[in-house]
Amino acid sequence: MPWLVSPPSVTQSTPNAFADAVTNVRLLSWLLVGALQANQPCLPIPISCSQYMADYIHFVLAGFADQSKESVVHMSALFHAFHLCQLWTVYCERAALTSDEPQISSLANILDFWARVTPAILQLLSHSKVLADMVNLHFLNTIQALRQCSSAVLGQLGAMWQPILTAYHAQIPNKLRLKLDCCENQPSLNFEPLQQWLKGVRYKISQIELQTSAASPFYNV
């Protein structure tokens, strides 16, 4: 996938470039779903590509406020971007447990990935409270997904994520605070919860893609 190492620049955010980026994000998500379902360790995308993954998500998030009204394909971008965030985080954690990839390297890549993505989320939050509420819904779903997978790195991301959770609030709302408290000190990733979560991810992505294809004749499922 030569396009993976050549993510678009935010200065190139035209409707067509944005739609292409969303398509690539979808493809990456399905590739990671397949890799995580494999019975044997499977790393079709090197962990070292973490920066490129972050750049694609950054591009989608940076363009969402302006491009989301173009079509239903563009509207689904936020959903796909956050699901790729979830999948890449779990993929890197899984690699640390099941492959020759050094655990410290995998976890460092996760933290670096979120350090690159978080500013784009914060920038998107700044557009309006309505958009912020939409973003926070996806973000909260991401936290819940990582918790469901018993993500070991989740507790280390709280400080980085606090500005997202406190957007338009003086402090983290109580409901979010309770969910975050439950996320701390999670055990390592287990196989059974992972497969259950992947089943749900497959279903949700499939439903969004079917709905989008029904509304857009040029959308490829």
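**Entry 1. Secondary structure and overall figures**

I counted nine helices and zero strands in the protein chain, taking helices (H or I, at least four residues) and strands (E, at least two) as DSSP runs numbered from the N terminus. Read along the sequence, the pattern is α-α-α-α-α-α-α-α-α. I note that this is a predicted model, in which local features need pLDDT of at least 70 and side-chain atom pairs count only at pLDDT 80 or more, while totals for chains, interfaces and linings use all residues. Residues are numbered from 1 along each chain as its sequence is written, and side-chain values use heavy atoms, with hydrogens and water left out.

I looked up burial next: 46% of the 221 residues of the protein chain count as buried. The cut-offs for relative accessible area are under 20% for buried, over 50% for exposed and in between for partly exposed (1.4 Å probe, protein chains only). The chain exposes about 10,700 Å², of which carbon and sulfur atoms supply 54%; the accessible areas come from the Shrake-Rupley method with a 1.4 Å probe, and for residues only the protein chains shown count as cover.

I then looked at contacts (heavy atoms within 4.5 Å). Among the contacts in the protein chain with a separation of 6 or more, 81% are between residues 24 or more positions apart.

**Entry 2. Helices H2 and H5**

Two packed helices are described by the angle between their axes and the distance between the axes. For helix H2 (residues 50-67) and helix H5 (residues 103-125) I read an angle of about 10 degrees and axes 9 Å apart. Axes are lines fitted to C-alpha atoms, for helices over the stretch in contact, and angles run from 0 to 180 degrees between N-to-C directions. H2 and H5 are therefore roughly parallel to each other; angles under 35 degrees count as roughly parallel, over 145 as roughly antiparallel, 65 to 115 as roughly perpendicular and the rest as oblique.

Which residues meet between H2 and H5? From H2 I listed Ser50, Gln51, Met53, Ala54, Ile57, His58, Leu61, Phe64 and Ala65, and from H5 Asn109, Phe113, Arg116, Val117, Ala120, Ile121 and Leu124. The residues of this contact divide into eleven nonpolar, four polar and one charged. Here Ala, Val, Leu, Ile, Met, Phe, Trp, Tyr, Cys and Pro count as nonpolar, Asp, Glu, Lys and Arg as charged, and the others, Gly among them, as polar.

**Entry 3. Aromatic pairs**

I searched the whole structure and found five aromatic pairs. Rings of Phe, Tyr and Trp (its six-membered ring) pair if their centres lie within 6.5 Å; planes under 30 degrees apart count as stacked, over 60 as edge-to-face and the rest as tilted.

One of the pairs joins phenylalanine 113 and tryptophan 114, edge-to-face, at 5.5 Å centre to centre and 85 degrees between the planes. Both of these residues are buried. The rings of phenylalanine 139 and tryptophan 161 have centres 4.9 Å apart and planes at 80 degrees, so this pair is edge-to-face. It links distant parts of the chain, with phenylalanine 139 in helix H6 (residues 129-148) and tryptophan 161 in helix H7 (residues 158-165), 22 residues apart. Phenylalanine 139 and tryptophan 161 are both buried. I recorded Phe113, Trp114, Phe139 and Trp161 as one aromatic cluster.

**Entry 4. Single residues**

- Leucine 32 lies in helix H1 (residues 15-37) and counts as buried at 0% relative accessibility. Beyond its neighbours within four places in sequence, leucine 32 is in contact with Ile45, Met53, Leu84, Leu87, Trp88 and Tyr91.
- Glutamine 86 is placed in helix H4 (residues 77-98) and, at 2% relative accessibility, counts as buried. With neighbours within four places in sequence left aside, its contacts are Asn141, Thr142, Ala145, Leu146 and Trp197.
- Alanine 81 is also found in helix H4, buried at 1% relative accessibility. Not counting residues up to four places away in sequence, alanine 81 touches Val25, Ile57, Val60 and Leu61. Its C-alpha lies 9.4 Å from the C-alpha of histidine 138, 57 residues apart in sequence.
- Serine 150 sits in the loop between H6 and H7 and is buried, with a relative accessible area of 11%. I noted a phi near 55 degrees for serine 150, a positive value in a residue other than glycine.
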